[in-house]
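Please examine the sequence and the three-dimensional structure shown below. The paragraphs after them are intended to be read alongside the display.

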Amino acid sequence: MSQWVRSLAVTRMLSRLPLSRLNCNLAGRKVVKFYMFPVHRMRLALLAAGSLLAFTNQLCSQAPESHVKIELIPENTTLQAHKTFRVGLLFRLDPGWHIYWRNPGDAGEPPRVQWELPPGFVSGPILWPQPVRLGTGSVVDYGYENQVLLMAPVEAPAPPAASSTQGIGADVKYIVCREMCIPGKAHVTLSSPSSAQQSSAWRQLFEQTRAQIPRSAPTTWQFSAKSDPGYFNLFVRTASKVNAVTFFPLEAGQIDNSAPQGFASTANGFRLKLKKSDLLVKPVATLKGLLVFGPDHAFEIVVPVAPR
Amino acid sequence: MRKRLAGFVVVSTVLVMGFCPAWAARAGDHAPDFTATDSGGQVHKLSDYQGKFVVLEWTNRGCPYTQKHYSSGNMQRLQREWTSRGVIWLTVLSSAAGKQGYATGPEENAYLKQINGAPTAALLDPTGTLGHLYDAKTSPHMFIINPQGILIYNGAIDDRPTTDVADVQGATNFVSVALEEATSGKSVSNPTTRPYGCSVKYRD
């Protein structure tokens with residue numbers, strides 16, 4: 001075999017390597033690119049190929065591209081007997097990436113959490129902040145971008161040992177998507193604040209997130225829903241004028257996620273026309289979902305549906 | 001360079017933006033007829049298959065939900081079983097050019113060989129016409145059409161909406177259940193379920 005043919009073979013071999021090998025994310029931020037130059041001496045080529053592979057493999061294995069960082073943080077660092085305190089899974093996402101709400105919409109799935117608690121501790125369900133609509137075409141999802149804190153209440157036993165929060169942890173399974181989806185798993189243990197500053201920043205984060213948790217609608221509001229051909233009509237009597245609202249269904253397959261929602265002000269409230277899902281073949285007894293009026297302003301509702 | 005590319009993407013997105021009407025594909029209704037070209041260049045019309053059961057399977061080889069069913073061999077097994085029983089199985093690729101899951105005919109043929117895939121045909125739908133006609137949301141998203149041309153199933157492949165390969169075993173496969181029922185003359189007990197997976201990577 002001539003030297004030319006052999007070096008061509010090496011170049012071909014290199015060019016067949018998957019792109020990810022040669023273009024990997026370092027420390028989640030810097031993208032390291034490796035460019036290949038024509039190599040004429042075969043030994044040099046092999047040596048270069050070998051060290052290049054070893055080097056990039058090492059980099060990639062150290063810093064896989066997960067596009068999300070997950071941390072488990074406490075709201076308070078001191079525990080009181082029989083008192084409920086909150087812990088939160090803080091998801092920090094790369095720009096453009098998202099995770100999903102409890103009803104993910106047309107695609108994706110919500111993060112699943114398996115808590116690890118010391119004896120005597122009891123955890124409650126995740127408190128899901130109000131989501132945002134993701135996607136503008138015929139596929140619409142519900143989820144979170146940039147950053148979200150998924151809080152959960154935990155009740156301490158009596159009397160809690162001083163160091164007892166140390167055993168708190170969680171196994172998290174999630175899928176993070178942008179143009180593509182990447183499933184991930186993480187095991188996290190409860191972090192301790194490194195400074196008074198961080199401790200107060202975390203408290204503030206819990207405070208902000210609390211405002212994003214949907215509340216019950218005012219008792220003076222009145223709701224009714226009607227099943228019409230192709231649509232649900234939701235009527236809401238409010239105390240004050242409402243200019244805009246978005247409905248986020250809690251149950252999959254009831255409404256068409258991507259269809260525009262027909263909002264109309266009425267004399268004493270508003271009406272929302274929600275297109276039925278193509279997947280809906282049976283009558284719906286109740287509409288369950290969120291009415292989101294803006295940032296930090298969402299109500300969770302359950303409205304019986306009157307048949308036609 | 002990056003800026004210029006971004007500018008190009010923005011401009012071309014604006015240019016191709018428009019309304020793609022999503023037609024209803026409701027279980028119990030007539031399945032909309034379509035004409036599509038497969039990875040070998042052959043044209044398929046739904047109406048050509050009148051008298052047979054037809055399965056439509058939306059796919060995207062880069063999607064971890066799709067990969068769950070291919071790396072486990074589950075999808076290939078279903079394709080072999082049902083095509084051997086006379087069912088027409090059409091895998092549909094609605095990923096737009098440049099998006100995850102897009103493939104040319106030769107690329108798709110090579111891939112089918114590599115994964116030992118066994119659909120009747122793989123339909124290339126980079127414009128998303130067929131996808132929007134059926135309002136396919138996810139990969140996978142499954143549809144079944146009966147010999148009379150009625151859509152009898154629209155939904156998920158099974159009852160485990162995860163990417164975990166271990167979940168394939170023990171799952172209730174909705175497609176097999178529906179086909180078993182329909183081919184033995186029964187009505188489909190579960191004609192719609194929520195499809196799960198990655199969003200179909202339609203043209204912007």
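The coordinates come from a predicted model. For chain A the average pLDDT is 82, and 77% of the residues score at least 70.

Chain A contains four helices and 20 strands. Of its 308 residues, 44% are buried. When contacts in chain A between residues at least 6 apart in sequence are considered, 67% of them join residues at least 24 apart.

The loop between β3 (68-74) and β4 (84-93) of chain A holds Thr78(A). Is Thr78(A) buried or exposed? Thr78(A) has a relative accessible area of 65%, over the 50% cut-off, and therefore counts as exposed. Its C-alpha atom is separated by 26 Å from that of Ala186(A), a residue 108 places away along the chain.

Glu75(A) also lies in the loop between β3 and β4 of chain A. With a relative accessibility of 11%, Glu75(A) falls under the 20% cut-off and so counts as buried. Leaving aside residues up to four places away in sequence, Glu75(A) touches Arg86(A), Arg203(A), Phe206(A) and Arg210(A).

The interface between the two chains comes next. In the model, 30 residues of chain B are in contact with 23 residues of chain A. The size of an interface is often given as the accessible area lost when the parts come together. Between them, chain B and chain A bury about 2,100 Å², and 48% of this area is on carbon and sulfur atoms. Which three residues supply more of the area that chain B buries against chain A than any other three? They are Arg26(B), Lys137(B) and Arg194(B), which supply 28% of that area.

Polar and charged pairs also link the chains. Eight residue pairs, with both members at pLDDT 80 or more, are in polar contact between chain B and chain A. The elements of chain B that give two or more residues to the side touching chain A are α2 (64-71) and β9 (198-199). By class, this side of chain B has 13 nonpolar, ten polar and seven charged residues. Three salt bridges are counted between chain B and chain A.

A salt bridge joins the side chains of Lys137(B) and Asp106(A), with an N to O distance of 3.5 Å. Over all chains, a search of the whole structure finds 17 salt bridges. Why does the pair of Lys137(B) and Asp106(A) join two chains? Lys137(B) lies in the loop between α5 (129-134) and β6 (138-139) of chain B, whereas Asp106(A) lies in the loop between β5 (98-105) and β6 (112-116) of chain A, so the pair joins two chains. Lys137(B) is buried, at 9% relative accessible area, and Asp106(A) is buried as well, at 8%.

Salt bridges also occur within chain B. Asp159(B) pairs with Arg160(B) in a salt bridge whose closest N and O atoms are 3.9 Å apart. Arg160(B) also meets Asp167(B) in a salt bridge, at 4.0 Å from N to O. Asp159(B) is partly exposed, with a relative accessible area of 33%, and Arg160(B) is partly exposed at 27%. Asp167(B), by contrast, has a relative accessible area of 19% and is buried. Elsewhere, salt bridges that share partners join Glu75(A), Glu207(A) and Arg210(A) into one network.

Glu108(B) is placed in helix α4 (residues 105-115) of chain B. Its relative accessible area is 3%, so Glu108(B) is buried. Which residues does Glu108(B) touch, not counting residues up to four places away in sequence? They are Ser39(B), Arg61(B), Leu93(B), Ala103(B), Ala122(B) and Leu124(B).

Notes:
Residues are numbered from 1 along each chain as its sequence is written. Chains are lettered from A and ligands numbered from 1 in the order in which they are written. Side-chain values use heavy atoms; hydrogens and water are left out. Buried means under 20% relative accessible area, exposed over 50%, partly exposed in between (1.4 Å probe, protein chains only). Contact means heavy atoms within 4.5 Å. pLDDT is the predictor's confidence in each residue, from 0 to 100. Buried area is the accessible area (1.4 Å probe) that two parts lose on being put together, summed over both. A polar contact is a pair of N or O atoms within 3.5 Å; within protein, one must be able to donate a hydrogen and the other to accept it, and residues adjacent in sequence count only if both atoms are side-chain atoms. Ala, Val, Leu, Ile, Met, Phe, Trp, Tyr, Cys and Pro count as nonpolar, Asp, Glu, Lys and Arg as charged, and the others, Gly among them, as polar.
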